[in-house]
Amino acid sequence: MRRYRRALLLCSAFTFFSSLYVFNHLASSLEDTDGRRLGELRTPHGGSPDSGNVFGKRPGSAGRRVRLPSRCKSLSVSYWNPFWRLPADVCGLNRFMESSFRDGTNSEEEDGGDESSHLAVVACGPRLDETLTMLKSALLFSKKPLKFHIFADEELQGRFQDSLHSWPKSVQSKFNFTIYPITFPSGNENEWKKLFKPCASQRLFLPLILKEVDSLLYVDTDILFLHPVEGIWAAFSRFNSSQLAAMAPEHEEPRIGWYNRFARHPYYGNTGVNSGVMLMNMTRLRKAFFKNGMTTVALQWSEMLMPLLQKYKLNITWGDQDLLNIIFHHNPENLYVFPCPWNYRPDHCVYGLNCQQAEEDGVFILHGSRGVYHNEKQPAFRAVYEAIKQYPFGENMETSLLQPLEAALRTAADSYCGRVSHLFTKSLKQSIASVRREP
């Protein structure tokens, strides 16, 4: 009889602890479900979530924790759900997004309306003159009003404002601008700042910061427009229903390509793409879900950036451009590729003529990569930069811009790119003639 009692007691104890174990796991799963439901909230416009977004590490061995910002240390996020969304700004990402608007310095209350072409640039350190020359080149030939979104470090913000307000009133009437601070998601600022060049990766967060902008042209500071901005802007109208960004190939000739010879990560197409000139359909970027090579679950733009950096940061050379190549390697249907005259770099003329369309139509956008505007390596590129920088607003472009440029290019005729300098002035002459015909 005692044996039966002992057996009954053991069975009862086992049943009690089993029930407790099951109840505990059931409560935990319900809590996780609530968290996921919070994470699925979207803005009324279909953009990025209202809730704060934590950028986790890439998946690794079982049980690995996702590194959170310090204010979130008490929240446990396990390996199996590395892209957890937290409720209502727990980690301050909403404040990061909103402060970028609030802290911006506006030249006007309105953004220029639907008629404006929106142009964004990121400038840090000794990039003031280079950026102002780029903005000047955009204004010289464009017929539509322009809206400039200038992201600058604290030292440059006031200098940008003073310089732009010093331009002639007739020029100021053609554009308005907003100056924004350089801002990265809290908890990961240093990693993003150290990526490639200071501030360069800010461009990756533009869809999340400029929430009210539908379409945007991003350019590096070392870009010069030799053709109206609306020329490249017209590529938006050629997007199909899947395409949400546009860039030019990194190389046209695979034998001299960088990505296909040296890259240690996925890249777009045969030779990769160059991100110095990039069209962004911001509305589509915010709404889209992207294949990513890290998980079978498609992720939104904001969810994908930090995990990509964590996975590839030891393998990338060109920073944010490499991350964009990785993204569009996995999502080639989302990218529109425009031809090389819209992003013409020294590589196109140093190693022979590697941009056939430029030989036919001329160069529309000049990209002075590797600092060629400020050294003697490519004097033809530097000549174009100096000619636009020195040109006084309002003067005759034929005599005060084109003729001095052609004289400077003749002195560069013995350099690799100087031998094809007529490509730099072909489109420029047409742009000047078009401005001259304006009433």
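Against which elements do the buried residues of α4 pack? The analysis concerns a predicted model, in which local features need pLDDT of at least 70, side-chain atom pairs count only at pLDDT 80 or more, and totals for chains, interfaces and linings use all residues. Residues are numbered from 1 along each chain as its sequence is written, and side-chain values use heavy atoms, with hydrogens and water left out.

The buried residues of α4 pack against β2 (117-123), α3 (128-141), β3 (146-152), α5 (169-172) and β4 (175-181). Helices (H or I, at least four residues) and strands (E, at least two) are DSSP runs, numbered from the N terminus. Helix α4 spans residues 154-165, and its buried residues are L156, F160, S163 and L164. Buried denotes under 20% relative accessible area, exposed over 50%, and partly exposed the range in between (1.4 Å probe, protein chains only). Exposed residues E154 and D162 are carried on the face of α4 turned away from its buried side.

pLDDT is the predictor's confidence in each residue, from 0 to 100. Its mean over the protein chain is 80, and 74% of the residues reach 70 or more. Contact means heavy atoms within 4.5 Å.

Strand β5 (215-219) is mostly covered, with five of its five residues buried. S215, L217 and V219 point one way from the strand, whereas L216 and Y218 point the other way. β5 runs parallel to β2, to which two bridges join it; L217 is the bridge partner of L119. With β8 (273-281), β5 pairs in the antiparallel sense over five bridges, and L216 stands opposite M280. Two strands are taken to pair if DSSP finds at least two bridges between them.

A nonpolar core is a set of buried Ala, Val, Leu, Ile, Met, Phe, Trp, Tyr and Cys residues joined through side-chain atoms within 4.5 Å. The largest such core has 46 residues, and W192, W301 and F328 have the most contacts inside it. Elements giving two or more residues to this core include β2, β5, β8, α11 (301-312) and α12 (320-330). The largest share, seven residues, comes from α11. Leaving aside neighbours within four places in sequence, W301 is in contact with L204, P207, L208, L285, A288, F290, L324 and I327. A second, separate core of 40 residues includes F148, W167, W233 and Y336.

In the loop between α6 (189-193) and α7 (206-209) lies Q202, which counts as buried because its relative accessibility is 0%. Not counting residues up to four places away in sequence, Q202 touches V122, F151, P181, I182, T183, F184 and I209.

Three disulfides are present in the structure, each defined as a pair of cysteine sulfur atoms within 2.5 Å. In the disulfide of C124 and C199, the sulfur atoms are 1.7 Å apart. The torsion about its S-S bond is about -85 degrees, so this disulfide is left-handed. C124 lies in the loop between β2 and α3 and C199 in the loop between α6 and α7, so the pair ties together parts that are 75 residues apart in sequence. C124 counts as buried at 13% relative accessibility, and C199 is buried with a relative accessible area of 10%.

The sulfur atoms of C340 and C355 are 2.0 Å apart; a torsion of about 95 degrees makes this disulfide right-handed. The pair links C340, in the loop between β11 (335-337) and α13 (347-350), with C355, in the loop between α13 and α14 (356-361), 15 residues apart. Both C340 and C355 are buried. For C349 and C417, the sulfur atoms are 1.9 Å apart, and the link is right-handed, with 85 degrees about the S-S bond.
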